[in-house]
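Subject: Structure for you to look over

Hello,

I am handing over the structure we spoke about, with notes on what was found in it. Please read the notes with the model open.

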Amino acid sequence: MTKVSNKKVISRLAFRELRSNRRMNIVVILSIVLTCVLFTALTSIGGSLINGTQQETMRQVGGDRMAGLKCVLPEDYEKVCEDSTTCDVVYRVIVGNAVNDAFKNFSVEINYAGDENAAKASFCNQTTGKLPENYDEIAVSTLVLDALGLPHELGTVVPVTLNVDGEVSEHEFKLCGYWQGEKVAMAQECWVSKAFADKYAPTPTKQFNTLEHPVYAGYWQVDFNYANSWDIEGKTNALISRLYGNSENAPDVGINWAYTTSNADSGMVVGGIVMILVIFAAGYLIIYNIFYINISANIRSYGLLKTIGTTSMQIRRMVRVQAAVYCVIGIPFGLIIGILSGKILFKAIMVTMNIYSAASYAISVKLLVMICLASTAFTFLTVMISCRKPCKIAGSVSPIEALRYNETNINAKKRDKKTRTISPLSVARNNMLRSRKKTIVVVLSLTLSMVLVNTLFTVLRGVDMDKYVSAQIVGDFIIMHDKVSTLNYDDQHALITPEQLEYLNTIDGVRQVSPIYFRRGKLVFHEEPLERLNTLCDKYADTDEHGSLTNAKDNGTIPTDIYGVTDDVLNVLEPADGKIDPTKWQSGKYAIVNTYYLGAEDEKGEPLYSVGDTLTLSSMKGMDEDTTKDFEVMALCEMPYAISTQSYYLFGGQVIIPESTYSEMTDNRNAMSVMMNAEENCFDDVDKQIRYMTDRSDSQVIVKSKQTYLEEFSDFTKMIKLVGGTLSGILALIGILNFVNAVVTGIISRKRELAMMNAVGMTGGQLKKMLMWEGVHYAALTAVCSVIIGFLLDNVVVKSITGDLFFFTHHFTFMPILICVPILLLLSAVIPSVAYQTICRDSVVNRLREN
Amino acid sequence: MEVLKTEALTKIYGEGESKVTALDNANLSVRQGEFAAIVGTSGSGKSTLLHMLGGLDRPTSGKVYVEGKDIFTLKDEALTIFRRRKIGFVFQSFNLVPTLNVYENIVFPIQLDGNDVDDKFVNEVIGILGLADMQNRLPNQLSGGQQQRVAIARALAAKPAIVLADEPTGNLDSKTSQDVLSLLKVTGQKFSQTIVMITHNEAIAQMADRIIRIEDGHIIKGGEPND
Ligand SMILES: Nc1ncnc2c1ncn2[C@@H]1O[C@H](COP(=O)(O)OP(=O)(O)OP(=O)(O)O)[C@@H](O)[C@H]1O
Ligand SMILES: [Mg+2]
């Protein structure tokens, strides 16, 4: 009993304090709202993505139940229904497949749905009409209707060529229901009536057995859920052994892999965790700081509470109750704002990824509740962890110390007392030095948000449009096979006929048409390359490349991509060594050869050739095995990825020779790809005319235009700028809020001290100046720390993470800090004035009387 | 010569029901070099009067003249500067700047004015007040009485024309009280300072040239100098 009432006293005290400390309330609640917004936005985006992928996988699989029994009998259905672990049990009866000619692009199953739920479970519940009841009724998806060229109208006659375990028969059904077909689904479903199913697929009498009895018709497909999706496989195994023991005739089971495959790839998970930690850090910083500062300011009253008998446990509880109250007020706002902004951001992300069906990604109520719960938990945890230390400080204060407490360090150094004159600056500096701990906390927390903003900005800025686009494309257009990198045989690479090339040349507004010819051949080694090969062989003795290297050494040859190009292409080459001289090169005596890729992409082995070496090509297709041709190496250079075959040998060559020489060496006149440039302003026209050629249905070539890549990329950058910008905006806001709080609290908690200084002769102007100097010190210290820590962080962490991204050019910048510092300086000039003005509304005497 | 003079000084705190007339039509005049003690019951308005005299608070009505100047015609900034040049204050409690050590606290007003510190004099004051050993300590390392003494030292160090002290000996034992009082008197005479001091201690009040008695905001005795 006593315990309860004493709790009441403490919470009453907590509420009193809350009411008397409005400014702190606002700042704390604001920061809790911000933290909660961040968490909510993050979890709602993450949740939508994960849930969406799962939904989409389910639609692909064609079912939302966690597990199922394949090809069983009605009695098995009964058994599953009776089991206590299963729920939502549904069944379908297998009839056969529809094999109309119109369905050659997708498979169509004919089944009987046990009930509405069975149809729903496979995402095939009619949105118009009903499930079949009469013998000749059928319900199908719109995709089936479309494939048959039938209208979406009930009563339409649907012709079906039915294949029941190999027996084909023709039928005409009446459409009794249909639904929006799911393109991603592996098969389209058609529901027939029970009467029809009974006739064509009567329930078998024997257990299903693929080996001696390959008949599917009439077997039941039983799908069901468990209470939760944890360890579905284990539960299913347990279920099977419960129902069938160890017997041979246990049915096949299917586990819905929408539940089992990891829905998010590891990059997303790591990214998510990093984001959560960042948000946690940001939230922790400001909330900790506010509590720390305010508790330090109120330490006298805590001391007093102790003097009159409050235990430290009780004081701690009081602070915790306050924190909880702040949460109760702040979190709902945070949730609402967070979910709204999460929705907006998610839309932006969906637009850039533009591959998702909106249906899968709609946020369900269940998901919404989960998001809210998770964000609430995260926020609450952040707040509670943040106020732990301040709680301790408040609780462990000794009553006497607290009564004299004024945030100063005990050790005052002996100083030269004669020469100093006092100025607002010197007093300010003195104050900062004497309350070092507070100074450090404030500066560090400001620094952290600055550094975070700066790092984020550096990363965002590093995203390099040119790098991205040039990796994808050179020139304005490239025309090539649509799956060039998956092709293996050179004949198939060469698709663009001389006639097509002719057509491309006649397009108005074309500035340049450069065909790229390609053949596969061999490089024959002479002394020097062979020697280098030996060295390489030794060096890579223990690696995967060793095999290819010894092979090459033994044969004296390596497989080689031979490119024949016009001299326009030379302009897009970036030689690693040597100089490309187009006129000399045109003579046909010179070749450009690659530096060598070995192992990982960035790990280049030494080149086998150096400029001036002789290089021998052989075995061009259409050329005698023994015919060889010699070239002098003019330069070492890689073919740009966009116009290469886009596939690599583990260890292979790449030789670029003039088109004319190439033609002499081979009889294949088809080009692999064409690089094109348009005149200025003609871009769209040229694009249209190229597409006229490539969009023909029998065309296997596609066109890639620089414009589409630019657009694609700008969507991408827009997205990350939006997301990153929002995040850094909030972080900056948190930092500034933090700063304002520190400065304002610093002034208000020293109300009496300031009044006293005023009483003994420090003028209002001097006091204001002193306070400003304190702010300036914070700002300056923060700037210095941010630059140092930001620089370190950038070099140690950011570089290593972003180094792997090909579209990333790292350039460190202090820009955000440089932008923030004047803002902080401005704030440190304005806030003290305003705050001091506010406390000056009280007379000096009144302020002196105050506690 | 009259160095301090009030005219119908009235201070009313609050409004309506919670209205308190802390000072009601007080007329007071103090001559240069005089040592006056203000006595009265708790809540009678002593501190209020002293604050007005020092220009710390503005009266509801009435005037305060310091060396013939109506101080409330001054703007806040000017009033503060005027105060630090003319008046030394000792408050009833919480007197010191917590971030400055004892010595720095004492010379604070002098340095604020950018003046050189008269070290000989300051050291003398520090010596008499028994603070010589603790010049480098911070206020929170001092006892209440020690803090009070530092405040007195600060009030005297700038050699102000007027010293206003609100129970300066409230925290001191009688021996130290006597010493401090003597110091006040001696320096007062030496620099012809005017001292106005609030006290509850009759014995100390008796050491003054004049006793001003206040009751319920009215000066009931000693408003004019003794002749
Ligand atoms: N800021 C204020 N607001 C309202 N009333 C006040 C204020 N300051 C003083 N008073 C009232 O004015 C009256 C005079 O106060 P004052 O501080 O001058 O008394 P005092 O004579 O110094 O008392 P003590 O000897 O206890 O210090 C008291 O009744 C007090 O309650
Ligand atoms: Mg008083």
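This is a predicted model: local features need pLDDT of at least 70, side-chain atom pairs count only at pLDDT 80 or more; totals for chains, interfaces and linings use all residues.

Ligand site

Ligand 1 is surrounded by 15 residues, and the closest are A:Asn846, B:Ser42, B:Lys46, B:Ser47 and B:Thr48. The site is shared between chains, because the residues around ligand 1 come from chains A and B. Three elements each supply at least two residues of the shell: α31 (844-849) of chain A, and β2 (20-31) and α1 (46-53) of chain B. The largest share comes from α1(B), with three residues. Sorted by class, the shell holds ten polar, three nonpolar and two charged residues.

- B:Thr48 places a polar side-chain atom 2.5 Å from an oxygen atom of ligand 1.
- B:Lys46 also uses a polar side-chain atom, at 2.7 Å from an oxygen atom of ligand 1.
- B:Gly45 contributes through the backbone, with an N or O atom 3.0 Å from an oxygen atom of ligand 1.

On its own, ligand 1 has 630 Å² of accessible area, and the protein covers 74% of that.

Chain A: strands around β7

In chain A, the pairings noted here involve strand β7 (residues 167-179). Strand β4 (residues 128-129) pairs with β7(A) in the antiparallel sense over two bridges, and A:Gly129 has A:Gly177 as its bridge partner. Strand β5 (residues 137-141) is parallel to β7(A), with five bridges; here A:Val140 stands opposite A:Tyr178. Strand β6 (residues 157-164) runs antiparallel to β7(A) and is joined to it by eight bridges, with A:Pro159 opposite A:Glu172. β6(A) and β7(A) form a hairpin with two residues between the strands, where A:Asp165 takes a positive phi near 45°.

Chain B: the four-stranded sheet

One open sheet of chain B has four strands in the order β2-β1-β4-β5, with antiparallel pairing. Its edge strands, each pairing on one side only, are β2 and β5 (69-70). Two bridges link strand β4 (residues 61-66) to β5(B) in the antiparallel sense, and B:Val66 has B:Lys69 as its bridge partner in β5(B). Helix α1(B) lies across β1 (2-13), β2 and β4 of chain B and runs at about 125° to β1(B). Both α1(B) and β2(B) are also among the elements that supply the ligand shell.

Chain B: the six-stranded sheet

The other open sheet described here has six strands in the order β6-β7-β8-β3-β9-β10, with mixed pairing. The edges are β6 (87-90) and β10 (218-221), each of which pairs on one side only. From one strand to the next the twist averages 20°. β6(B) and strand β7 (residues 162-166) of chain B run parallel and are joined by four bridges; B:Gly88 stands opposite B:Val163 in that pair.

Helix α2 (residues 76-86) of chain B touches β6 and β7 of chain B, and its direction makes about 85° with that of β6(B). Helix α6 (residues 174-190) of chain B touches β3 (35-40), β7 and β8 (194-198) of chain B, at about 155° to the direction of β8(B).

Regards

Conventions: Residues are numbered from 1 along each chain as its sequence is written. Chains are lettered from A and ligands numbered from 1 in the order in which they are written. Side-chain values use heavy atoms; hydrogens and water are left out. A residue is near a molecule or strand if one of its heavy atoms lies within 4 Å of it. A polar contact is a pair of N or O atoms within 3.5 Å; within protein, one must be able to donate a hydrogen and the other to accept it, and residues adjacent in sequence count only if both atoms are side-chain atoms. Accessible areas come from the Shrake-Rupley method with a 1.4 Å probe; for residues, only the protein chains shown count as cover. Ala, Val, Leu, Ile, Met, Phe, Trp, Tyr, Cys and Pro count as nonpolar, Asp, Glu, Lys and Arg as charged, and the others, Gly among them, as polar. Two strands pair if DSSP finds at least two bridges between them. Contact means heavy atoms within 4.5 Å. Axes are lines fitted to C-alpha atoms, for helices over the stretch in contact, and angles run from 0 to 180 degrees between N-to-C directions.
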